[in-house]
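Open the model in your viewer and keep the selection tool ready.

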Amino acid sequence: MKKIVILVVVLLVLGAIVGGLAYADVRVRELAEERAEQQLVKALPQAKGIDVELDGFPFTLGVLLDGEVEALHVKIASVEEAGLSATDVSLDVETISLDKDALIDEQRLVVTDIGRATAQAYVTDDDVSKVAKQKVVFSPGKAKGVYKGKEVEVQASVKGRLVQLAAPKAGVPPLVFPLPSIDVLPCSPELELLEGKARLACS
């Protein structure tokens with residue numbers, strides 16, 4: 001009977017310790033997410049609705065021992081640049097290496113390396129129409145523009161940091177609109193046309 005009581009007490013104590021560590025780990029993760037959000041707000045003042053999530057358990061132990069975070073997920077409701085609004089912006093990063101000294105000594109998040117990152121954002125045809133000053137309509141796999149009162153089909157392509165909508169007709173100038181900045185989409189994206197919007201994605 002005495003052994004059972006001792007075992008129960010040991011289990012309760014271990015449970016309390018693990019629970020305390022788990023609570024502390026969750027709090028450290030929350031602080032890191034808050035700090036990352038604050039840094040993004042400073043870096044992207046034109047962005048709205050920034051949310052950061054970090055993966056990995058135990059988070060604190062992984063960072064302190066290995067200087068690594070399992071994954072980072074950033075979601076931004078919208079970013080407005082050059083009159084164009086990119087919505088539902090997301091960045092997912094796998095295996096992030098951090099500067100442990102900067103984190104422990106200065107409480108700063110300094111990324112030294114990443115495994116793989118994917119980013120995507122959406123722009124609506126209404127926003128593109130405003131920027132291009134021409135009516136543009138997106139549908140799955142297709143884009144149409146209006147030139148001199150006539151509707152023409154256009155082909156969409158990405159050239160540098162610009163999206164070009166070009167009609168195969170002679171004399172019809174291409175419509176061009178800028179991509180979100182490299183801070184928002186840190187790579188040259190591919191373009192996918194959907195109903196009423198275009199999806200820009202890269203990895």
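Select strand β9, residues 175–178, and show its side chains. They alternate. Leu175 and Phe177 point to one face and are buried; buried means under 20% relative accessible area, exposed over 50%, partly exposed in between (1.4 Å probe, protein chains only). Strands here are DSSP runs of E, at least two residues, and helices are runs of H or I, at least four, numbered from the N terminus.

This is a predicted model: local features need pLDDT of at least 70, side-chain atom pairs count only at pLDDT 80 or more, and totals for chains, interfaces and linings use all residues. Residues are numbered from 1 along each chain as its sequence is written, and side-chain values use heavy atoms, without hydrogens and water.

(Two strands pair if DSSP finds at least two bridges between them.) Click Gln164: its bridge partner in β9 is Val176.

Now pick Val123. What does Val123 touch, beyond residues up to four places away in sequence? The list includes Leu84, Val128, Phe138 and Phe177. Contact means heavy atoms within 4.5 Å.

Val123 also belongs to the largest nonpolar core, which has 43 residues. Such a core is a set of buried Ala, Val, Leu, Ile, Met, Phe, Trp, Tyr and Cys residues joined through side-chain atoms within 4.5 Å. Select Ile76, Val123, Val128, Phe138 and Leu165: they touch the most other members. Then colour strand β3, residues 84–98; it gives the most to this core, six residues.

Finally, zoom out. The chain has four helices and eleven strands. Of its 203 residues, 33% count as buried.
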